[in-house]
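The sequence and the structure are shown first.

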Amino acid sequence: MAAKAELISNSVQEMAIKGKEPPVKYFYKGNDGGVLDASVPLIEVPVVDLGLLTSESTSAQELEKLKLALGSWGCFQVINHGMTSSFLDKIRGVSKQFFAFPMEEKQKYSREADSIEGYGNDMIISERQTIDWTDRLYLTISPDDQRKLKFWPENPKEFRETLHEYTWKLQEINEILLRAMARSLNLEESCFLDQYGEQPLVTARFNFYPPCPPPDRILGVKPHADASAITYLLQDKEVEGLQFLKDNEWFRVPIIQHALLINVGDQVEIMSNGIFKSPVHRVVTNRERERNTLAVFCIPESDKEIKPADGLISEITPSLYKKVKDYVSSFTTDTYVWIEQVVTSELELQTTPCVCISMADNLFPTKIESQSKSVQELVMYSEEPPERYFYEDGVNGVLDSSLPVLEIPVIDIVRLASPSTRGEEVEKLHSALSSCGCFMSINHGITGSFLDQVCSITKQFFALPMEEKMKCSREVDSSEGYGNDMILSEDQILDWTDRLYLKVSPEDKRKFMLWPQKPETFREILQEYTTKLKLIVEVVLKAMARSLKLEDNCFLDKYGERAIMLARFNFFPPCPRPDRTLGLKPHADGSAITIVLQDKEVEGLQFLKDDQWFRVPILPHALLINVGDQTEIMSNGLFKSPVHRVVTNSERERTSVAVFCLPDPDNDIEPVDRLVSETRPRLYKKVQDYEGIYFQYYQKGKRPLEAVTNKADVEKKKLTMQLTAGAAEKLKLL
């Protein structure tokens with residue numbers, strides 16, 4: 001549980017008035033927010049005429065503009081919206097008057113320590129938090145019965161009436177736009193409106209940005225994307241500050257007098273199945289001038305299920321997002337540590353990044369970041385690895401490639417499958433998986449020359465020019481495609497590797513847009529390789545069950561007919577600091593079985609056994625197979641999902657191909673009943689879609705298995721073992 005949120009003792013406005021130097025907690029470190037520059041290029045925000053959009057004779061052209069705007073920038077300026085310029089000036093007027101009041105007047109509407117509603121600024125959640133240079137008045141507008149009128153200022157006198165009229169008009173515009181968005185995608189007109197609901201949540205946030213002494217170090221609002229359906233912004237008439245991120249570059253948003261700036265939020269991105277983009281944006285500060293804005297967030301009714309529209313789903317364009325209810329509250333609102341839980345349903349190693357910003361910062365979570373350069377580029381340009389790749393001495397044991405060699409059992413797959421010879425191999429398999437959790441497989445039915453082809457296409461792909469590899473780039477919030485580590489937190493230590501990560505099966509879940517077209521044989525070879533691996537997986541799962549005296553199909557039935565197979569092509573460039581940097585951080589796999597085709601010449605993989613790291617030797621044309629967490633669960637802990645890592649090499653690059661075989665996410669994974677007894681209690685809880693929790697633990701360097709461990713029965717098992725040991729000792733004494 002996070003520490004209780006604290007209030008900031010001084011408003012930003014007070015610090016600015018008194019000429020105080022901003023405290024260090026307001027300063028961005030290094031380049032956290034990108035270049036904090038008010039003179040970045042100007043964004044060409046499309047302008048949509050609402051009058052033309054609602055007219056039958058002129059709507060077609062405006063619809064096309066709307067679709068183009070939301071599919072590229074995710075925002076547009078709307079004119080001819082039915083509100084007079086004098087009325088918009090009145091809105092701005094009540095906002096400026098409120099913030100100009102004496103502090104004791106404003107503090108009548110102060111928010112409480114653990115709430116965002118009312119007057120205030122950032123909650124202090126952690127000592128490391130960077131604070132926004134802004135004061136805010138935050139109010140719930142609708143549903144009407146959720147208004148907290150004690151926070152609605154009575155001065156200026158026309159404040160409440162003006163705000164009510166403004167937001168009522170915005171809700172009319174909101175209905176028009178939701179219908180237009182659906183039409184632009186050739187959907188039923190009410191498609192998005194039905195998901196939005198009749199009792200949506202509408203909130204208003206009045207923002208005041210005082211002059212800031214060092215604007216090159218401080219942001220008015222940190223980078224974020226909105227969790228709304230649609231956000232409406234009434235900008236300051238004179239002072240710019242809002243910036244949008246596109247193609248990893250920041251752009252200024254121009255001021256168009258009396259236009260409303262509109263952007264879609266995450267929930268419309270979900271409904272549109274990713275066609276419309278929820279843009280990342282921020283606010284920069286100004287050394288000389290204050291700035292006032294009013295943002296209104298239109299959020300779907302919390303009881304409504306938000307999902308991609310059925311008319312946008314097909315075999316070619318599968319559903320990119322899970323169904324979700326009450327998206328805004330799907331984050332940990334009691335601690336204000338927001339967890340992004342709606343992720344691509346295509347992605348089995350699902351991301352659940354922890355984004356530490358306060359609810360008052362923006363309501364909504366920051367997008368996941370991508371690294372600006374591949375690891376391969378860092379090496380090409382002879383750059384010293386950035387600090388965030390470095391491990392502290394001793395944190396993960398000695399980062400040494402000269403450790404002892406692990407004596408890995410070698411198992412013949414043909415003998416394992418043959419009724420006449422499998423007895424000895426099954427015994428070897430049982431011993432291997434219960435001790436080190438892995439083995440080398442030979443005689444597996446895949447020729448050495450074909451395995452060389454798999455290694456070759458891997459090397460060829462990573463040797464392609466960067467612009468060719470970038471055609472397969474993963475999206476910022478997905479692991480599938482070409483890329484490297486997602487940056488989820490400031491203290492995350494990154495892996496020294498670039499990867500190409502592809503879903504191979506079920507076949508209807510493949511994203512061929514991410515499968516390389518070069519080398520030309522890539523797709524064909526990957527298809528053939530993984531087809532052969534499926535046969536090996538079936539043999540091994542049956543043999544594992546037999547080794548535990550279970551029915552042959554016991555594990556295979558849990559694995560399912562729509563099991564998932566993921567291929568990860570790994571490239572580990574030479575690393576100037578192999579004593580401080582890892583190719584892969586220590587982890588255990590979330591799969592049932594993982595099959596690794598190692599580099600033919602360069603070692604790097606290491607396994608942890610009895611608190612000591614061991615090198616994995618290279619056995620030409622053998623496949624290294626280890627069990628993952630889901631097999632450890634099914635075997636009730638008899639088979640061990642081993643912790644492993646990859647060390648780096650200062651002189652030589654290394655490639656490998658790992659294929660993760662995961663049970664159907666709809667199947668319950670739990671210890672087999674026959675492996676549970678009084679002397680060996682159930683060690684793990686029943687779990688479904690284990691990979692849904694895996695990634696957040698991996699990036700933190702923790703075991704996901706901890707989340708499903710049946711702690712009470714583990715303690716019971718320990719006690720039983722202690723009692724048994726004690727009884728044995730007494731017998732010795734007798």
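## The second largest cavity

In this predicted model, strand β12 gives the largest share of the lining of the second largest cavity, namely four residues. Strands β5 (201-209), β6 (219-224), β7 (230-234), β8 (242-246), β10 (260-264), β11 (281-284) and β12 (291-299) each contribute at least two residues to that lining.

The second largest cavity holds about 160 Å³ of space, and of its 19 lining residues the closest to the centre are Arg-205, Leu-233, Leu-242, His-281 and Ala-295.

The structure contains 37 salt bridges, one of which joins the side chains of Asp-132 and Lys-222 at 3.1 Å, N to O. Asp-132 sits in the loop between β3 (118-120) and β4 (135-142) while Lys-222 belongs to strand β6, so the pair ties together parts that are 90 residues apart in sequence. Asp-132 and Lys-222 are both buried.

Within helix α12 (residues 422-435), Lys-428 and Glu-425 lie three residues apart, about one turn of the helix, and they form a salt bridge whose closest N and O atoms are 3.6 Å apart. Glu-425 is buried, with a relative accessible area of 4%, whereas Lys-428 is partly exposed at 29%.

Asp-610 pairs with Lys-609, the closest N and O atoms being 3.5 Å apart; Asp-610 is exposed, with a relative accessible area of 68%, and Lys-609 is partly exposed at 26%.

Methods. Residues numbered from 1 in each chain as written. Predicted model: local features only at pLDDT ≥ 70, side-chain atom pairs only at ≥ 80, totals over all residues. Heavy atoms only, no water. 1 Å grid on protein atoms, 1.4 Å probe; cavity = no way out; pocket = protein on both sides within 12 Å on 5 of 7 lines; lining within 4 Å. Points joined across faces, edges and corners; volume = space filled by probe spheres on them. Salt bridge = Lys/Arg side-chain N within 4 Å of Asp/Glu carboxyl O. Buried < 20%, exposed > 50% of the residue type's maximum accessible area, 1.4 Å probe, protein only.
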